[in-house]
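Hi everyone, thanks for coming. Could you bring up the model on your screens, so that we can walk through it together?

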Amino acid sequence: MILSKLKEALICIMAGRATLPYPFKPHDPAADFRGYPEVDVDKCIGCGACAAVCPARLIKIEDKDQTTRHITRLLERCVFCGRCADVCPEDAITMTGQFQLTSDQVRQDLVHECDIFMATCKRCGHCYEPATPLDRIMSPGFRHDQIDRGGDRCRHTHVRADQAEAEAVGTADGEDS
Amino acid sequence: MLADLCKKAFFKSLWVYHTNTGACNGCDIEVIDVLTPYYDAERFGIKLVGSPRHADVLLCCGPVTRQVVPALKRLYEAVPDPKLVIAIGSCACGGGIWYDSYNIVGGIDTILPVDYYIPGCPPRPEAILHGVAVALGLMDKEVEAEGLQQLPDRPESIPIEK
């Protein structure tokens with residue numbers, strides 16, 4: 001009886017402390033832990049791939065004017081899936097190990113807003129992502145009043161222009177026959 | 001002497017009523033995890049209670065479904081003043097991935113005044129412990145509003161022609 005109690009006490013003493021000393025000592029999560037998604041605004045090209053895959057649809061992209069794209073991230077809804085970091089072609093988004101996101105006004109503290117400088121489509125006047133890196137070098141600074149600079153058009157206008165050309169050809173053929 | 005001891009022992013000892021307002025149980029399981037000996041939130045005086053009338057803190061998980069709104073309001077009224085409301089998880093903070101669903105109100109703060117938000121899907125137990133530490137004043141919050149980030153050599157704006 002007493003021996004068993006002594007044995008229990010011995011086990012308890014040998015076990016040591018199991019509790020994590022976290023709030024008093026810093027704690028680093030595992031290397032592949034996905035925490036707060038940090039955005040490098042200098043690297044971002046404003047292509048909107050992150051907004052297309054985000055399951056919480058928290059990345060809002062709007063064009064302020066012909067050269068500025070305004071990106072708002074409402075990160076209080078973020079589920080930290082890391083898909084934005086996966087699809088980002090420029091690796092502008094990294095999932096950091098920051099998990100200490102407690103806040104008393106989350107709708108102000110976890111909002112990330114940035115302005116991206118974009119190229120302008122010659123036809124429709126909206127900003128777009130240039131197709132190749134070479135185009136990207138050429139196009140920033142392109143304005144709607146500098147028509148000689150290049151024949152840049154966004155995909156949207158390409159399709160419409162091709163359709164218009166096809167229709168024009170079709171009607172021309174019809175008239176001929 | 002007993003009164004002094006009680007004052008010391010029960011100072012900032014938060015009794016918590018945990019409620020599920022339409023969560024997937026992920027956050028609930030993390031809350032249970034925090035009460036295990038490894039994370040041990042009870043060393044800060046945190047204790048789960050079975051009735052809102054005994055509680056100081058209302059712990060809410062989940063995007064608020066329309067069906068749970070009247071129950072949540074009654075629950076809030078049942079907790080005696082002074083009370084704290086803590087929203088755990090991305091759903092409770094802003095609606096999560098269901099923020100615009102037809103049956104979701106979208107976040108606890110659309111119904112109740114929330115004091116602390118702990119985002120995460122689910123928040124890891126350390127994140128909940130950090131929330132507890134912030135609520136008790138042991139740590140400061142680590143996120144702050146950054147404001148609009150712009151390139152320094154930004155050209156003048158040209159309006160979109162429509």
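First, some housekeeping. This is a predicted model, in which local features need pLDDT of at least 70, side-chain atom pairs count only at pLDDT 80 or more, and totals for chains, interfaces and linings use all residues. Residues are numbered from 1 along each chain as its sequence is written, while chains are lettered from A and ligands numbered from 1 in the order in which they are written.

Let's meet the chains. Chain A has six helices and seven strands. Along the sequence, the pattern of chain A reads α-β-α-β-β-α-β-α-β-β-β-α-α. In chain B there are five helices and six strands, and its elements run α-β-α-β-β-α-β-α-β-α-β from the N terminus on.

How much of each chain is buried? Of the 177 residues in chain A, 28% are buried; of the 162 residues in chain B, 39% are. A residue counts as buried if 20 or more other C-beta atoms lie within 10 Å of its own, exposed if 12 or fewer do, and partly exposed in between, with C-beta atoms placed from the backbone.

Now contacts: two residues are in contact if their C-beta atoms, placed from the backbone, lie within 7 Å. Take the contacts in chain B with a separation of 6 or more: 79% of them come from residues 24 or more positions apart. In chain A, 66% of the contacts between residues at least 6 apart in sequence join residues at least 24 apart.

On to the sheet of chain B. Five strands form an open sheet in the order E2-E1-E3-E4-E5, with parallel pairing. Strands pair if DSSP finds at least two bridges between them. Which strands stand at the edges? They are E2 (47-48) and E5 of chain B, each with a single partner strand, so one side of each has no neighbour in the sheet. E5(B) pairs with E4(B) in the parallel sense over three bridges, and B:Ile86 stands opposite B:Tyr116 in E5(B).

Lying across E1, E3 and E4 of chain B is helix H2(B), which runs at about 135 degrees to E3(B). Axes here are lines fitted to C-alpha atoms, for helices over the stretch in contact, and angles run from 0 to 180 degrees between N-to-C directions. Which residues of H2(B) are buried? They are B:Cys27, B:Glu30, B:Val31 and B:Val34. Seen down the axis of H2(B), these buried residues fall within an arc of 105 degrees, so they line one face of the helix. The arc is that of the directions from the helix axis to the C-beta atoms. What do they pack against? Strands E1 (15-20), E3 (57-61) and E4 (84-88), together with H5, of chain B.

Let's follow that last partner. The axes of H2 (residues 26-34) and H5 (residues 125-136) of chain B come within 9 Å and cross at roughly 70 degrees. H2(B) contributes B:Glu30, B:Val31, B:Asp33 and B:Val34 to the contact, and H5(B) contributes B:Pro125, B:Ile128 and B:Leu129. By class, that makes five nonpolar, no polar and two charged residues. The nonpolar class is Ala, Val, Leu, Ile, Met, Phe, Trp, Tyr, Cys and Pro; Asp, Glu, Lys and Arg are charged, and the others, Gly among them, are polar.

Next, find B:Arg124 in the loop between E5 (116-118) and H5 of chain B. B:Arg124 counts as partly exposed because it has 19 C-beta neighbours inside 10 Å. Leaving aside residues up to four places away in sequence, B:Arg124 touches A:Pro29 and A:Phe99.

That takes us to the contact between the chains, with 43 residues from chain A and 45 residues from chain B. On the chain A side, E5(A) gives the most, with six residues. By class, this side has 19 nonpolar, 13 polar and 11 charged residues.

Finally, a sheet that uses both chains: four strands form an open sheet in the order E2(A)-E3(A)-E5(A)-E6(B), with mixed pairing. E5 (residues 111-117) of chain A and E6(B) run parallel, joined by two bridges. Which residue of E6(B) is the bridge partner of A:Cys114? That is B:Gln149.
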